[in-house]
Amino acid sequence: MTSSVSPADRRRLRRRQAAELAAEQHGVLSRRQLYAAGITRAEVYANLRAERWQRTGRQTIAVHTGPLTARAREWVAVLEAGPRACLDGASALVADGLTGYDLDLIRVSVPRGAKVFGIPGVDNRQSRRLRADDLVGSGVPRTRPEVAAVRAALWARSDRQAALVLTMAVQQRLTTAEIIGRAMLAVRRDRRRAFVHAVILDLLGGVRSLGELEVARECRRRGIPEPTRQVVRRGDAGRYYLDIYWEEWGVVVEVDGIHHSWANQVVGDALRQNNLALSGDVVLRLPLLGLRVAPDQFFAQIEAALRAAQRRTA
């Protein structure tokens, strides 16, 4: 008995199947995926010639002719790099939802020895650190947020950028400082290892006293008078502590960990600062992140505040 389905109908059915498959990958498929779905090479070329589909690389096809979304470009980058490739570093964090962080290139990691043809806008790097359990189990292949955050920091162009990407990953709740810290234990050697460890400790929020010690040490190194630390004050809500205080001149420095930016801390911090200002004290805020990436600017402000206070009391 002759089939009632014409060859043209079968081709349309396969195109529909390809579109459904591609929907999970933002409209992009590899040639290998197309062939596995039963679409022949001849049909791929026919759809490209008919401008139903478009080439997006040597190995990838978009099953539409519109512009590629950012998510589609991530799929192109990974599929072009081969079956064991994955987004890594800041690119993996962006794929997980990180916002406000500008990427110069999409970073893709491939196993050591893999042969990859480069495409514009993608940085393919061979890595010995790729492990199957470092990857997210769904969506575009990518490293887990804590692994991605560590690598993004290690690969950053500067310490400032490294601190920024770690802080943003925690602030936007893609992961936690504790989990990042555990992932960092796998890094044995790297030129930025000590710096990243220090930033992670800052993010843990339990090292405010360490930040205060660093401020005191920096004051001594820069010839700034030694401050008093952890001075007790009383306010409407009870007792609180001033991190760094030059009582003789009425200058306070509050050392802020990341927890000071959280909603449940903002009101209390503001009330304490206002009370100090009403009593005539000058209050400066020094984020631990600032201590890492812009110490000279912050200590210049501290010195300026002390000079002004000394003139007033002279």
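Trainee: What makes strand 4 and strand 5 (residues 106–111) a pair?

Mentor: Strand 4 and strand 5 are joined by 2 bridges in the antiparallel sense. Two strands pair if DSSP finds at least two bridges between them, so these two qualify. Strands are DSSP runs of E with at least two residues, helices are runs of H or I with at least four, and both are numbered from the N terminus. Within this pair, Leu87 has Val108 of strand 5 as its bridge partner.

Trainee: Good, and what should I keep in mind about the model?

Mentor: It is a predicted model, where local features need pLDDT of at least 70 and side-chain atom pairs count only at pLDDT 80 or more, while totals for chains, interfaces and linings use all residues. Residues are numbered from 1 along each chain as its sequence is written, and side-chain values use heavy atoms, leaving out hydrogens and water.

Trainee: Why do strand 4 (86–87) and strand 6 (122–127) stand at the edges?

Mentor: The sheet is open, with 3 strands in the order 4-5-6 and mixed pairing. Strand 4 and strand 6 each have a single partner strand, so one side of each lacks a neighbour in the sheet. Helix 4 packs on this sheet and touches strand 4, strand 5 and strand 6, where contact means heavy atoms within 4.5 Å. The direction of helix 4 makes about 25 degrees with that of strand 5; axes are lines fitted to C-alpha atoms, for helices over the stretch in contact, with angles from 0 to 180 degrees between N-to-C directions.

Trainee: How do you know that Ser91 is buried or exposed?

Mentor: The relative accessible area of Ser91 is 2%. Buried means under 20%, exposed over 50% and partly exposed in between, with a 1.4 Å probe and protein chains only, so Ser91 is buried. Ser91 sits in helix 5 (residues 89–95). Beyond its neighbours within four places in sequence, Ser91 touches Glu74, Leu103, Leu105, Ile106 and Arg107.

Trainee: How many helices and strands does the protein chain have?

Mentor: The protein chain has 13 helices and 10 strands. Of its 314 residues, 43% count as buried.
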